[in-house]
Amino acid sequence: LGLATSHSIIEKHKGFITAVSEKSKGATFFIYLPAFLAETDESIEKTNQTTASLEGEIVKGKGRVLVMDDEELIRDFFYDMLTFLGYESDFAEDGVSACEKYKEAMLNNEKFNAVVMDLTIPGGMGGKDAIKEILKIDPEAKVIVSSGYSNDPVMSDFKSYGFSGVVSKPFKINELSAILHKIM
């Protein structure tokens, strides 16, 4: 996982990460997470009920979803989640490829019902620029921005940039299913 995604995951678990770096020797990262000890059967049962409740909120659907992310692991993760939720999926590594796939799908009458775009693509076109091109192709496109950079202005004001929704990395399957259901 990228450092931003790792940082976000660790923060959501009430932990923190530090690094020590030496020139020509590399870096060492220290991850600190709080310990959890279920003290009673009651607290274990409450945890199980919470997990079951979250799983119950999953909304399955149908349609075609294009996912743009530069990390293969994340694309694989999306494939598994979208398949489980009932969606067909296609993938692009950067904004240029996503725009080409979207345009081709429109020309072939196989329009995507939704697009999920990573906000930042190192060395390539990210979601902030790609959304402009997608909306030129299809002003009605339903595009969700996704990122581990939760402090980026696009994430807090996604509609101003043309996005229909937002999902912050890391996210749970019920969060993805809810935003897809909402925009579609």
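Helices, of at least four residues, and strands, of at least two, are taken as DSSP runs and numbered from the N terminus. In the predicted model, the chain read along its sequence follows the pattern α-β-β-α-β-α-β-α-β-α-β-α-β-α, which comes to seven helices and seven strands. Of the 184 residues in the chain, 33% are buried. Among contacts between residues at least 6 apart in sequence, 59% join residues at least 24 apart.

In soluble globular proteins, nonpolar side chains tend to be buried together. The largest nonpolar core of the chain holds 22 residues. Met68, Tyr102, Met117, Ile134, Val143, Val145 and Phe163 have the most contacts inside this core. Two or more residues each are given to the core by β3 (64-68), α4 (95-107), β5 (114-118), α5 (127-137), β6 (143-147) and α6 (153-156). The largest share, four residues, comes from α4. Another core, of 18 residues, lies apart from the largest one and includes Val67, Leu85, Tyr87 and Ile179.

Helix packing was examined for α3 (residues 72-85) and α7 (residues 173-183), whose axes are 11 Å apart and meet at an angle of about 60°. The two helices are therefore oblique to each other, and their crossing is right-handed. On the side of α3, the contact is made by Phe78, Met81, Leu82, Phe84 and Leu85; α7 contributes Ile173, Leu176, Ser177 and Leu180. By class, eight of the residues in this contact are nonpolar and one is polar, with no charged residues.

Key: Residues numbered from 1 in each chain as written. Predicted model: local features only at pLDDT ≥ 70, side-chain atom pairs only at ≥ 80, totals over all residues. Heavy atoms only, no water. Axes fitted to C-alpha atoms, helices over the stretch in contact; angles between N-to-C directions. Parallel < 35°, antiparallel > 145°, perpendicular 65-115°, else oblique. Left-handed = near helix turned anticlockwise from the far one by under 90°. Contact = heavy atoms within 4.5 Å. Nonpolar A, V, L, I, M, F, W, Y, C, P; charged D, E, K, R; others polar. Core = buried A, V, L, I, M, F, W, Y, C linked by side-chain atoms within 4.5 Å. Buried < 20%, exposed > 50% of the residue type's maximum accessible area, 1.4 Å probe, protein only.
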